Amino acid sequence: MIVNINIGLLGHVDSGKTSLAKALSTISSTAAFDKNPQSKERGITLDLGFSAIVLEAPAQLKSQDEQIKQLQLTFVDCPGHASLIRTIIGGAQIIDLMLLVIDVQKGVQTQTAECVVIGGLLKRKLIVVINKIDLVETQQQTIVLTKLEKKLRKALIAASFTENFPIFRVSAQNGQGIQELLNGMKNEIHIPVRLPEKPLVMYVDHCFSIRGQGTICTGTIVQGQLKINDFIELPAVGEQCKVKSLQMFKKPVQSAVMGDRVGVCVTQFNAKQLERGVLCQPGYLQAVYAAVILLEHVKYYKLALKSKSKFHVSVGHDTVMARIILFRSLTNQREFNINEEYEYIDEIGPSEIQPSQDECSVFTLLEFERPVYAISNGILIASKLDLDAHCNCCRLAFWGNMQWCSSSTNYLNEQLMLWRIFKNKQRQGNVHRLVNSQEIIVQNLFRKDNNRELFIGKHVQLSTGETGIIASTFGQTSKVKITFSECLKRETLKILKEGGANNILVILKYKKYTFNKNAGLCQ
């Protein structure tokens, strides 16, 4: 029995990830080592590359399962260029272990930091690889590498990684340290959680047609299993197809399970319709038009989060624009409940959100510009990719697991109308004149075009402390009559009788529901 482990190579552009993947691998796919003509022309990785090596299974795997004889390490070579961050996010979601590749001469750079953030929020096991050590003079290597390792440990521990991650020194160019790295990876690997009994979900990263055979979808199974003659669905395309054959790194297989990278040959459909996406068990994934997550803020993102602003949201290999609405739990519950009441948030500054949401549970409604296909409780990652790719700032803003979603295009009227998300509102006017000791006329609390009838029966408070009720409208403009159950204070009456009515403020506080326009005004 052979077990496959997916290992991602992440890091800044030109840190030597592709050269390292080549040095580690003995098996290559058609998408490995920058075979894309544009990659060759520009000299950088532009898409995910896949290669592998098969080793004897280490002792800790054999002790977990006697049937395991071999270990296949599948390397996912992710681009490092800033403009390809959405491809990096997609690649990171299919890996079990992360190799963070650092150029010995440049250390931590902007995209290195973003890769660290992605690995951290996905909770991937980490191995650090310092590459290009052959470029450091031999007599200086110990000093330079020791100093760099110290900096890396400090930075990664601050980014919430545990301090016991290993660091390896290699040169992908001349092979120095490669065997030690392979041995180190074997020692770090344990059998990850696999869920073969769940419905099939496979993230597709490449799709192409072969005349006379069918359409080939290559990707990684992230849930369930797949066999020849199974029927699968391509929900984004609206197609159901039969699996004609399966291959793993050009070798025919009868079946594949969660964690396996596989090429799936299905009955013919237009491959141009699915450059990248998802395939699944028929009927399992529905189009998601809106979703709610518990907001987990990326502490390195230094801009404010604003309701009604737009972010790029990544779901698997797909990235789509979404408008966000922020709201907070009044009871600090971390599970979203459509029957609970929540307070709408206009804006949250970076200093207001802590990495831990223990003190204040903030949720985010995401309204997608086009539907996405996501696993229940799947992870959604929001970024500001319209920021300058070369600016020295983190573009990853927040993330969270999906707690609620809607597959209805009319979710606003069918579902959101029932939600109790409110805005706290306040109006302020002043006393126009005193009628008697329990009645006043108030002005400037409303504009002429406001419907004052909606506010009859609502409580108001004077700046002197008394609480009254809006009893009725007064006149044809914007005034209202306020009544009090008890007489006004002696001091208040004195001010009003001596012509100081304008000095007494009248404050009206109420709640207005964001989505349910028919709910009226509440206090």
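Student: Why is Pro199 called partly exposed?

Tutor: The model is a predicted one, and in it Pro199 has a relative accessible area of 23%. A residue counts as buried under 20% and as exposed over 50%. The value of 23% lies in between, and therefore Pro199 is classed as partly exposed.

Student: Where is Pro199 placed, and what is it in contact with beyond its neighbours in sequence?

Tutor: Pro199 sits in the loop between helix 7 and strand 8 (201–210). With neighbours within four places in sequence left aside, its contacts are Gln223, Gly224, Gln281 and Tyr284. Gln223 is 24 residues away from Pro199 in sequence, yet the two C-alpha atoms are 6.7 Å apart.

Student: What makes helix 1 roughly perpendicular to helix 7?

Tutor: The axes of helix 1 (residues 17–24) and helix 7 (residues 178–188) come within 10 Å and cross at roughly 80°. Angles of 65 to 115 degrees count as roughly perpendicular, so helix 1 is described in that way relative to helix 7. Helix 1 contributes Leu20, Ala23 and Leu24 to the contact, and helix 7 contributes Ile178, Leu181, Leu182 and Met185. By class, the contact has seven nonpolar residues, no polar and no charged ones.

Student: What does helix 7 touch in the sheet?

Tutor: The sheet is open, with seven strands in the order 2-3-4-1-5-6-7 and mixed pairing. Strand 2 (27–28) and strand 7 (167–169) are its edge strands, each pairing on one side only. Within it, strand 1 and strand 4 are parallel partners over eight bridges, and Gly8 has Val76 in strand 4 as its bridge partner. Helix 7 packs on the sheet and touches strand 1, strand 3 (49–56), strand 4, strand 5, strand 6 (125–131) and strand 7. The direction of helix 7 makes about 175° with that of strand 6. Helix 5 lies across strand 1 and strand 5 (97–103), at about 165° to strand 5.

Student: How do you know that helix 4 is mostly covered?

Tutor: Seven of the eight residues of helix 4 are buried, where buried requires a relative accessible area under 20%. They are Ile85, Thr87, Ile88, Ile89, Gly90, Gly91 and Ala92. These buried residues pack against helix 5 and several strands, including strand 1 (2–10), strand 4 (70–77) and strand 20 (310–315). Strand 25 (379–383) and strand 26 (396–406) are also among their packing partners.

Student: How do helix 4 and helix 5 cross, and is the crossing left-handed or right-handed?

Tutor: The axes of helix 4 (residues 85–92) and helix 5 (residues 110–121) come within 10 Å and cross at roughly 35°. Helix 4 passes helix 5 in a right-handed crossing. Ile85, Ile88, Ile89 and Ala92 of helix 4 meet Glu114, Cys115 and Ile118 of helix 5. By class, this contact has six nonpolar residues, no polar and one charged. As a general point, an α-helix has 3.6 residues a turn, so residues three or four places apart point the same way.

Student: What makes strand 27 and strand 28 a pair?

Tutor: Pairing requires at least two bridges. Strand 27 and strand 28 (residues 439–443) have five, in the antiparallel sense, so they count as paired. Arg433 has Ile441 as its bridge partner, and Asn430 has Gln443. A hairpin joins the two strands through two residues.

Student: Which other strands are joined to strand 27?

Tutor: Strand 22 (residues 341–345) runs parallel to strand 27 (residues 420–436) and is joined to it by three bridges, with Tyr342 opposite Ile421. Strand 32 (residues 505–513) runs antiparallel to strand 27, with nine bridges; there, Lys425 is partnered by Tyr510.

Student: Why are both faces of strand 28 called covered?

Tutor: Glu439, Ile441 and Gln443 on one side and Ile440 and Val442 on the other are all buried, that is, under 20% relative accessible area. Both faces are therefore described as covered. Strand 28 also pairs with strand 31 (residues 479–483) in the antiparallel sense over four bridges, and Lys481 in strand 31 is the bridge partner of Ile441.

How values were computed
Residues are numbered from 1 along each chain as its sequence is written. This is a predicted model: local features need pLDDT of at least 70, side-chain atom pairs count only at pLDDT 80 or more; totals for chains, interfaces and linings use all residues. Side-chain values use heavy atoms; hydrogens and water are left out. Axes are lines fitted to C-alpha atoms, for helices over the stretch in contact, and angles run from 0 to 180 degrees between N-to-C directions. Angles under 35 degrees count as roughly parallel, over 145 as roughly antiparallel, 65 to 115 as roughly perpendicular and the rest as oblique. Contact means heavy atoms within 4.5 Å. Ala, Val, Leu, Ile, Met, Phe, Trp, Tyr, Cys and Pro count as nonpolar, Asp, Glu, Lys and Arg as charged, and the others, Gly among them, as polar. Buried means under 20% relative accessible area, exposed over 50%, partly exposed in between (1.4 Å probe, protein chains only). A crossing is left-handed if the near helix is turned anticlockwise from the far one by less than a right angle, and right-handed if clockwise.
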